[in-house]
Amino acid sequence: MSAVMLYLLLGTVLAVAGTVRMLLVRDLLARLIAMNVVGIGSLVILLALGARGGADDATDPVLSALVITGLVITVAFTGFGAVLIRRIEGPRPSDRDGGDRG
Amino acid sequence: MAEPVDWVLAAAALVAAAVVVLPRSLLPHTRIVQVMGFLLLSVVTSLIWLRLDSVDVALAEAALGGGLLGGALVYVASGPRRDRPSAAATGWLAPVLGTAAGAVLVVILASAWLRVEQTMPGWTDPLQEQLPATGVEHGITGVLLAFRAYDTLLESAVLMLAALAALALRQNTDPGAEPELASFRHTHAGHTARSATFSWMVRLSAPVLLLAGLWLLFAGSSDSGGAFQSGAVLAALLILLRVAGTAPRWLAPSHLNAAQDRLSTVPGRIMVAALVAGVVVFILAGLLGPLVGEPWLSWDPAWAFAVILTVEVLLTAGIAAGLYALYLALEDPRATGERTVRHRTKAGESR
Amino acid sequence: MTAAELSLGAVVLAPLLAAALAAALPHTARRALGVGIAALVLLLTGLLAVQTVAGEVTELALGGYPAPLGIHLRADGLSVLFLGMTALVGAVVTVFAAASRHTHQAFWTLWLGCWAGLNAVFVSGDLFNTYVGLELVGLTAVALVALGGRGSWAPALRYLFIAVLGSLLLLVGVGLIVSVTGTLDVVQAAEVLAGRPDAAPAALLALTLITVGLCMKLALLPMHAWLVPAHASAPSAVSPLLSGLVIKAALFVLLRCWLWLTDSSGALSALAPLAWGLGAFGAAAVLIGSVMALRQSALKPLAAYSTVAQVGYWFVAFPLLLEEDAAEGAFIGIVALALGHGIAKAGLFLGAGYLKEAYGTDEIEQLRGAGRQHPYAVMGMSLGLVGLIGLPISLGFTGKWNIATAAVAAEHWWILVLLAAGTLLSAGYAVRALAPLLLQESPTPGEARISRNYRSVPGLCVIGLGALTLVTGFGGVLIAEALEVGAPW
């Protein structure tokens with residue numbers, strides 16, 4: 001098996017496993033993490049496609065730039081998602097004085 | 001051909017992913033264990049990028065995906081959590097069906113890849129010939145800031161808007177709301193009381209991080225690195241300083257915690273200005289072309305380098321500020337309060 | 001550089017600049033900025049529309065770098081139609097938000113950013129740039145939902161998950177196409193694919209991934225569950241933007257990929273199983289979405305389920321895109337339905353949001369007699385529902401008519417049955433929503449005597465969208481002509 005094919009398969013397995021986890025798990029943070037596993041899987045697939053040029057050449061700059069863009073965007077979404085989770089799981093107005101801050 | 005190192009990396013990635021995705025019934029783990037699994041996966045992925053000769057992507061993954069994201073997830077995982085009904089209540093059928101469906105999907109996609117990979121024509125790209133005209137030598141920076149500058153602009157805007165949205169969620173901005181929450185000013189006190197050793201270590205590593213960030217920024221034109229990697233390192237520096245409680249006052253806008261300040265304080269203004277400056281200047285620089293009759297985002301070779309450098313420095317500041325703002329928004333859910341007029345939330349909660 | 005080329009970039013960059021500036025401005029200035037930008041975008045879109053009427057495709061290579069290295073902006077007939085609908089609906093909703101007391105401070109930055117993203121998708125000639133534009137739209141849309149307060153955070157998060165998942169599928173598909181063709185430009189990629197039959201399996205896989213990803217963002221039936229809570233719990237000024245505009249961005253990209261990336265002969269026939277699958281899910285969406293809409297007791301969820309049903313109509317016509325003699329009619333039909341839905345549904349949601357702000361609830365039972373107090377809003381909603389049912393003199397009618405004719409030409413009779421059933425069901429939920437508002441007495445008789453609210457700007461905005469539903473109905477013929485400009489065949 002070629003290295004490109006290996007990484008294509010690895011990316012596919014990661015992406016599918018992450019997707020299944022996202023659909024099945026209830027815990028919001030676990031979902032968010034699973035979403036990032038899907039993200040990593042997709043980016044592995046992309047970069048493996050970019051590495052098809054040959055073993056000696058560096059990966060194609062265009063696909064590398066695309067992967068960096070994809071990474072930054074995924075981080076932005078994850079950051080906002082994490083903020084939403086904090087809000088959802090944060091204290092409700094009624095237990096304002098309860099004070100269970102971590 | 002795949003060499004042993006590829007197999008080892010792939011196996012390591014699968015193990016790390018398994019820690020993240022396996023259900024609780026198979027692998028008893030808490031949120032923090034899952035986050036650690038994700039961090040491990042991120043480290044392995046960085047190594048895979050290196051293996052695929054993509055230093056830039058490896059740097060971005062390590063700084064953004066591993067460092068900052070991991071930190072943020074740890075923060076959420078260790079935070080307070082309203083207990084929900086246990087996940088085990090879903091029974092065994094759904095996980096089994098899900099896994100089976102996933103396995104079938106992997107097999108289908110794998111066979112598709114096999115077929116596609118055999119038939120796919122190779123390709124070479126015309127990038128290297130055009131590069132000298134852009135004012136930068138490094139291929140990826142050239143793509144990001146010259147050929148596809150427009151993508152980079154929109155992508156920076158995504159990060160900027162994510163940060164602004166996160167800040168909006170932590171503020172009390174509902175018109176007609178009563179000012180309150182003065183008592184929450186002090187909720188943040190816990191963060192300043194760190195051990196002396198920790199703050200000493202932060203003081204020691206801060207200059208190193210600063211240098212690393214600046215080096216990544218300015219090396220980007222000729223070598224691996226660039227605005228995103230540099231911004232991530234600088235944001236990490238800001239977060240460390242804040243956690244250690246050693247940040248100078250203008251860098252650590254503790255005022256942001258008090259909901260009624262609405263970012264109108266001086267530190268808040270600096271923060272917002274840094275956030276939007278990159279995008280604003282990028283667009284204004286893009287307007288230079290149309291002013292002299294050229295297309296949008298085109299720069300005369302004579303001053304292309306100066307424009308690109310200015311834009312890149314401001315973008316870096318914006319990215320660092322954006323990531324830092326996301327962290328600040330994560331920090332203190334108390335400060336948001338809940339002032340939405342009751343009837344407006346009813347519909348959402350009833351379903 | 002011509003004025004049209006200038007506005008091609010400016011429709012994206014002007015709202016984006018305003019979005020960044022709005023974050024640093026005081027609240028009153030944000031409103032003024034928002035209204036000013038709305039006027040500017042209308043003007044810029046008008047300039048592009050003039051080019052289209054003259055039969056020209058406006059094109060611009062950003063930075064002076066031609067594809068495959070650089071990014072091309074391209075405005076053909078399809079782009080201008082979606083740009084125009086977005087500008088009209090966006091401008092009206094902007095005025096509504098500026099006049100409403102309930103608008104969140106952060107609305108302006110996020111909505112202007114969202115508008116920039118929508119326009120970026122519509123003028124993009126580049127696949128990866130399309131992905132970035134969709135992400136801009138997705139992130140701002142999620143954040144706009146989250147402005148609805150505590151009850152909207154969970155739906156917003158759910159929306160975020162599905163939006164990212166869909167985008168990643170799209171991204172892998174795009175990566176596959178660039179690695180096969182060496183270019184991200186839609187037109188160039190299509191040329192390369194047409195000349196290389198050996199790339200067909202890769203192209204098929206890529207299109208499948210892109211289609212599934214976009215269907216998530218479009219809330220096609222099995223993946224629709226996120227849409228209803230997100231659209232229903234969003235703030236009043238946001239729901240019309242989400243249902244009317246945001247999901248159209250994904251539809252636009254889907255049409256672009258299906259009709260431009262594949263030349264009509266070879267690769268399309270391999271898509272037949274996928275197209276029929278989409279058609280089946282679309283048919284189920286029309287029926288299930290309409291029935292669910294009938295069962296709702298509150299206005300906003302009813303409107304959201306109606307969106308699920310309307311999305312179904314677009315996909316019902318997808319199998320027709322593969323038939324040679326029906327493709328053009330089906331294409332015109334899908335576009336007309338989508339444009340008509342954008343305006344009509346925005347009107348319905350804006351009216352529902354207006355009433356919710358006025359009465360503190362959108363439960364139909366408690367809004368009895370609201371038509372007397374707020375005639376403009378209820379009238380605007382009625383006109384929107386006329387467009388959604390697809391009665392004559394609306395784009396909904398033009399769309400259904402074109403799809404029906406195409407279905408007859410291709411002898412797919414089941415589509416006619418489905419269109420009839422869907423129309424009857426939508427008439428049902430229209431009556432369900434409107435009759436109590438128009439015909440019944442207010443539950444608290446004293447309030448009914450409060451003077452009729454004729455002067456409120458938000459109310460005028462609602463009836464403005466309702467009027468647009470009818471006015472655009474006369475433009476059905478223009479759609480067919482506009483789509484000829486830069487058509488894929």
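Modeller: Let me start with burial: a residue counts as buried if 20 or more other C-beta atoms lie within 10 Å of its own, as exposed if there are 12 or fewer, and as partly exposed in between, with the C-beta atoms placed from the backbone. What you see is a predicted model, in which local features need pLDDT of at least 70 and side-chain atom pairs count only at pLDDT 80 or more, while totals for chains, interfaces and linings use all residues. Residues are numbered from 1 along each chain as its sequence is written, and chains are lettered from A, with ligands numbered from 1, in the order in which they are written.

Chain A has 3 helices and 0 strands, and from the N terminus on its elements run α-α-α. Helices (H or I, at least four residues) and strands (E, at least two) are DSSP runs, numbered from the N terminus. Two residues are in contact if their C-beta atoms, placed from the backbone, lie within 7 Å. Among contacts in chain A between residues at least 6 apart in sequence, 52% join residues at least 24 apart.

Look next at helix H3 of chain A, which covers residues 61–89. H3(A) has 29 residues and reaches 41 Å from its first C-alpha to its last, close to the 42 Å expected at 1.5 Å a residue, where the expected span is 1.5 Å times one less than the number of residues. Of those 29 residues, 27 are buried, so H3(A) is largely enclosed by the rest of the structure.

One of the partners of H3(A) is H2(A): the two helices pack at an angle of about 180°, with their axes 10 Å apart. The axes are lines fitted to C-alpha atoms, for helices over the stretch in contact, and the angles run from 0 to 180 degrees between N-to-C directions. H2(A) and H3(A) are therefore roughly antiparallel to each other; angles over 145 degrees count as roughly antiparallel, those under 35 as roughly parallel, 65 to 115 as roughly perpendicular, and the rest as oblique. Residues of H2(A) in this contact include Leu28(A), Leu32(A), Asn36(A), Gly39(A) and Leu43(A), and among those they meet in H3(A) are Val67(A), Gly70(A), Thr74(A), Thr78(A) and Ile85(A). By class, the contact of H2(A) with H3(A) has 14 nonpolar, 8 polar and no charged residues. Here Ala, Val, Leu, Ile, Met, Phe, Trp, Tyr, Cys and Pro count as nonpolar, Asp, Glu, Lys and Arg as charged, and the others, Gly among them, as polar.

Chain A also touches chain B, in a contact that takes 63 residues from chain A and 75 residues from chain B. Helix H1 (3–24), helix H2 (28–50) and H3 of chain A each supply at least two residues of the side of chain A that touches chain B, and H3(A) gives the most, with 21 residues. That side of chain A divides into 42 nonpolar, 11 polar and 10 charged residues.

For the setting, chain B has 12 helices and 0 strands, and 48% of its 351 residues count as buried. Residues 24 or more positions apart account for 74% of the contacts in chain B with a separation of 6 or more.

Chain C meets chain A as well, with 21 residues of chain C in contact with 28 residues of chain A. On this side of chain C, the elements that give two or more residues are helix H5 (127–146) and helix H6 (150–181), and H6(C) gives the most, with 15 residues. The residues of the side of chain C that touches chain A are 18 nonpolar, 2 polar and 1 charged. H6(C) itself has 32 residues and reaches 47 Å from its first C-alpha to its last, close to the 46 Å expected at 1.5 Å a residue. Since 32 of its 32 residues are buried, H6(C) is largely enclosed by the rest of the structure. H6(C) is followed by Gly182(C), whose phi is positive, near 75°.
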